[in-house]
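Here are my notes for you, as promised. Keep the structure open while you read and find each spot as we get to it.

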Amino acid sequence: MTFDVETVRKDFPILSTKMRGRDLVYLDSAASSQKPEAVISAISDFYSAHYANIHRGVYQLSAEATQRYEDVRSLVARFIGAPDPREIIFVRNATEAINLVARTWGEQQIGNGDEIVLTTMEHHANIVPWQMLAERQGASIRVAAVTDDGVLDLEHLKRLLGPRTKLLAVTAVSNALGTINPINTLTSLARDRGITTLVDGAQAAPHQSVDVKALGCDFYVLSGHKVFGPSGAGVLYGRLPLLESMPPFLGGGDMIESVSFEGTTFAPVPQKFEAGTPDIASVIGFGAAIEYLEAIGMDQISAYEQTLLTYATERLLKIPGLRIIGTAKEKAAVISFVLEDAHPHDIGTILDGEGIAIRAGHHCAQPLMKRMGVPATARASFSFYNTRDDVDSLVEALRKTQEIFA
Ligand code: PLP
């Protein structure tokens, strides 16, 4: 099947709505992606005809809901190349997945004087939980530099990996710049030194196929809402032996084997990490999103988005006074930019008046903004449902913005 953006667009009801009297141009998929009809109807169908709590009912409806939920676990495992569905833990989002690892593996493995290596281009979600952990445990954070182009400085990172380094936690794709990091190289550097790796895949999974086995990472996290699923379902992948050796995260129902006031024993992985009633319908919806993406093919999606990125970059660079922040060779379809004389928030507001949704601000990456020498940027992030027309609308609106500030 050849990729046809116009056919794809029909699958996303919101894309045919109007915004401020114009066709909506949605360029904020890095914050959260839009949802295809397949996802919306899977959720509605689940609530209309199949809903019950999971893992506990003896009746058929609950058994079926459990089966559907567990089927999604297998689907996710296949989607990201995890060898065993038990390696997939459902959480709310990437943030929760990182906090889970920090609270469990981190508290078990990281002690006084140990080091955690991060990069300057991490999202706050991959900084703050480690800072909190380091403070609790007496460990320290070391930060790998990025170049002026927004590329990870590998030589600097190598120098940071020392005998006290216990963890390398790194994003696969920068949400603020679009830079794609060489994850295979990083995991192999870490493996050679006995260092555990966590890959933040929140911005990679929507754009490229993921194979955690081939990446060679120990943990991988993602948010379903950025991968065309509903909000409320995210994923922590962990290698099985690691997950099995980790203490539980939250305590409560569903994560136990037996409870008495003398003591509690815990359920095996993955239940050990899924206390309480999860967001069942969101997991079901996420499953529908994966099936939808697999039908199109992540490779087709990547290839299409790369052509769109090239087109958008070329057009934007022709706007006088516009500077792209983040010019790595390897980029996902994300363009951060600043415009002479116009503050990013003003750009965002003016574009909103034209029905164009972009993000403006620090993108939850304040250390990176500081490194790049800007307080904030405007960010257009593209998905496979965006078109050249969307890019043209953006360019036209930016030219108008410039006239206003001229
Ligand atoms: N990591 C990266 C690279 C992100 O871009 C984001 C969100 O923008 C997150 C983590 C956190 O995702 P969530 O808010 O879904 O937990």
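1. Start with helix α10, residues 280-296. This is a predicted model, and in it the 17 residues of α10 reach 25 Å from first C-alpha to last. That is close to the 24 Å expected at 1.5 Å a residue. The helix is mostly covered, with 14 of its 17 residues buried. Just after α10 comes glycine 297, which takes a positive phi of about 105°.

2. Now for the aromatic rings. The structure holds 15 aromatic pairs. Take phenylalanine 3 and tyrosine 304: their ring centres are 4.6 Å apart and their planes sit at 35°, so this pair counts as tilted. Which parts of the chain does the pair link? Phenylalanine 3 is in the segment before α1 (5-10), while tyrosine 304 belongs to helix α11 (residues 298-317), 301 residues apart. Both phenylalanine 3 and tyrosine 304 are buried.

3. Compare that with tyrosine 69 and phenylalanine 90. Their rings are 5.2 Å apart, centre to centre, with 65° between the planes, and the pair is edge-to-face. Tyrosine 69 comes from helix α3 (residues 60-79) and phenylalanine 90 from strand β4 (residues 88-91), so to speak distant parts of the chain, 21 residues apart. Both tyrosine 69 and phenylalanine 90 are buried.

4. Phe3, Phe12, Phe228, Tyr292, Tyr304, Phe384 and Tyr385 form one cluster. On a related topic, arginine 388 lies over the face of tyrosine 311, 4.2 Å from the ring centre.

5. Is glutamate 262 buried or exposed? Its relative accessibility is 74%, and exposed means over 50%, so glutamate 262 counts as exposed. You'll find glutamate 262 in the loop between β11 (256-260) and β12 (263-266). For a sense of scale, the C-alpha atoms of glutamate 262 and isoleucine 127 are separated by 38 Å, and these two residues are 135 residues apart along the chain.

6. Last, the ligand. Of the 13 residues around the ligand, Thr95, Asp200, Ser223, His225 and Lys226 come nearest. A polar side-chain atom of threonine 95 lies 2.5 Å from a ligand oxygen atom. For glutamine 203, a polar side-chain atom is 2.7 Å from an oxygen atom of the ligand, and for histidine 123 a side-chain N or O atom is 3.4 Å from one. How much of the ligand's accessible area does the protein cover? On its own the ligand has 390 Å² of accessible area, and the protein covers 88% of that.

How values were computed:
Residues are numbered from 1 along each chain as its sequence is written. This is a predicted model: local features need pLDDT of at least 70, side-chain atom pairs count only at pLDDT 80 or more; totals for chains, interfaces and linings use all residues. Side-chain values use heavy atoms; hydrogens and water are left out. Helices (H or I, at least four residues) and strands (E, at least two) are DSSP runs, numbered from the N terminus. The expected span of a helix is 1.5 Å times one less than its number of residues. Buried means under 20% relative accessible area, exposed over 50%, partly exposed in between (1.4 Å probe, protein chains only). Rings of Phe, Tyr and Trp (its six-membered ring) pair if their centres lie within 6.5 Å; planes under 30 degrees apart count as stacked, over 60 as edge-to-face and the rest as tilted. A charge sits over a ring if NZ of Lys or CZ of Arg is within 6 Å of the ring centre and within 35 degrees of the ring normal. A residue is near a molecule or strand if one of its heavy atoms lies within 4 Å of it. A polar contact is a pair of N or O atoms within 3.5 Å; within protein, one must be able to donate a hydrogen and the other to accept it, and residues adjacent in sequence count only if both atoms are side-chain atoms. Accessible areas come from the Shrake-Rupley method with a 1.4 Å probe; for residues, only the protein chains shown count as cover.
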